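These are my notebook entries on a structure that I looked up. I set down each item in the order in which I examined it.

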Amino acid sequence: MAHIKVPEGLPGIRGLFAFRPQTAKPMSELAEVLLHQPGTLTPGERELIATYVSSRNDCYYCQNAHGAIAAHHLDGNEETVREVKRDFEHAAVSDKLKALLAIAGKVQQGGKNVQSEDVERARREGATDLEIHDTVLIAAAFCMFNRYVDGLATWTPTDLNGFRQRAAKVARDGYLAALAGYVSGAGSEHADG
Amino acid sequence: MQRGGKNVQPGDIARARQLGATDVEIHDTVLIAAAFCMYNRYVDGLATWAPSEPDAYREPAARLAREGYVESTRRSAVTASGAAT
């Protein structure tokens with residue numbers, strides 16, 4: 001049971017978003033920009049970074065929710081998602097994404113762990129400043145999302161099929177549309193205490 | 001929280017409740033802690049420049065406290081884009 005009284009039947013971060021719509025909206029907007037809106041990194045690559053960091057933070061809900069979205073973007077390839085979590089240096093992903101995942105892993109441990117060599121490696125593999133920026137911010141944001149979900153002990157389903165079904169919808173419609181599906185008026189209400 | 005979400009124990013929550021904390025206050029405490037695990041990594045992960053003199057923080061702090069974060073960020077974004085052109 002969650003540490004606070006959240007609406008029943010909404011797993012992980014969704015129960016928290018329904019509990020506090022004012023914070024749900026900016027958090028979903030951040031996810032929308034970082035993971036869903038068009039960018040030079042594919043949505044699949046960006047979701048793999050989110051999944052990898054969530055796995056390093058041992059957040060069951062986030063790594064399965066975003067792992068399923070990543071797999072959906074990768075034409076259902078769940079094996080690549082598993083490889084990235086297990087040992088990304090030997091996963092079937094580009095050398096550029098490996099360099100970015102290395103940066104994301106350093107950020108997960110703490111911002112100061114990112115060394116100039118890590119950034120140089122990413123640049124050598126063709127990463128732009130914006131891609132390096134977004135990688136650091138995705139990794140940092142998931143250090144927030146993961147702690148938010150686990151710090152309040154939210155309920156997490158164990159049936160992976162539920163994650164797959166939800167993933168197809170989020171991958172197609174994005175994070176703001178997903179939020180609007182169960183939180184009405186996010187950002188315009190006052191907390192009722 | 002700062003070390004990881006799973007470190008928050010039911011005993012910690014019970015203590016906060018005994019001392020009068022509401023669910024929203026507990027929620028916001030967890031989210032503030034989590035958000036700063038993001039902001040800190042963002043700032044240090046990209047090795048941003050930070051002034052070393054405490055005085056440099058007083059004036060921006062007063063403005064932020066007065067205007068709030070959204071208005072203050074909007075104003076500095078306008079200034080920055082003005083400086084760039």
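Predicted model: local features only at pLDDT ≥ 70, side-chain atom pairs only at ≥ 80, totals over all residues.

Residues are numbered from 1 along each chain as its sequence is written, while chains are lettered from A and ligands numbered from 1 in the order in which they are written.

**Entry on R56(A).** A residue is buried if 20 or more other C-beta atoms, placed from the backbone, lie within 10 Å of its own, exposed if 12 or fewer, and partly exposed in between. I then looked for its contacts, where two residues are in contact if their C-beta atoms, placed from the backbone, lie within 7 Å. Leaving aside residues up to four places away in sequence, R56(A) touches G105(A) and Q108(A). I also found that R56(A) and Q109(A) are 53 residues apart in sequence, with 9.0 Å between their C-alpha atoms.

**Entry on chain A as a whole.** I counted ten helices and zero strands in chain A. Its radius of gyration is 16 Å, close to the 16 Å that the globule rule gives for 193 residues, so chain A is as compact as a globular protein of that length. The radius is taken over C-alpha atoms, and the rule is 2.2 Å times the number of residues to the power 0.38. Along the principal axes, the C-alpha atoms of chain A fill a box of roughly 50 × 30 × 30 Å. I recorded that 50% of the 193 residues of chain A count as buried. Of the contacts in chain A between residues at least 6 apart in sequence, 70% join residues at least 24 apart.

**Entry on the two chains.**

**Entry on α8(A) and α2(B).** I found that α8(A) and α2(B) pack at an angle of about 165°, with their axes 8 Å apart. Axes are lines fitted to C-alpha atoms, for helices over the stretch in contact, and angles run from 0 to 180 degrees between N-to-C directions. The angle makes α8(A) roughly antiparallel to α2(B), a term for angles over 145 degrees; those under 35 count as roughly parallel, 65 to 115 as roughly perpendicular and the rest as oblique. The residues in this contact include L137(A) and M144(A) of α8(A), and L31(B) and M38(B) of α2(B).

**Entry on phi.** Most residues other than glycine have a negative phi. I noted that A153(A) has a positive phi, near 55°, and that A153(A) sits in the loop between α8 and α9 (160–173) of chain A. In chain B, A47(B) is not a glycine, yet its phi is positive at about 50°. I located A47(B) in the loop between α2 (23–45) and α3 (55–67) of chain B.

Methods. Helix = DSSP H or I, 4+ residues; strand = E, 2+ residues; numbered from the N terminus.
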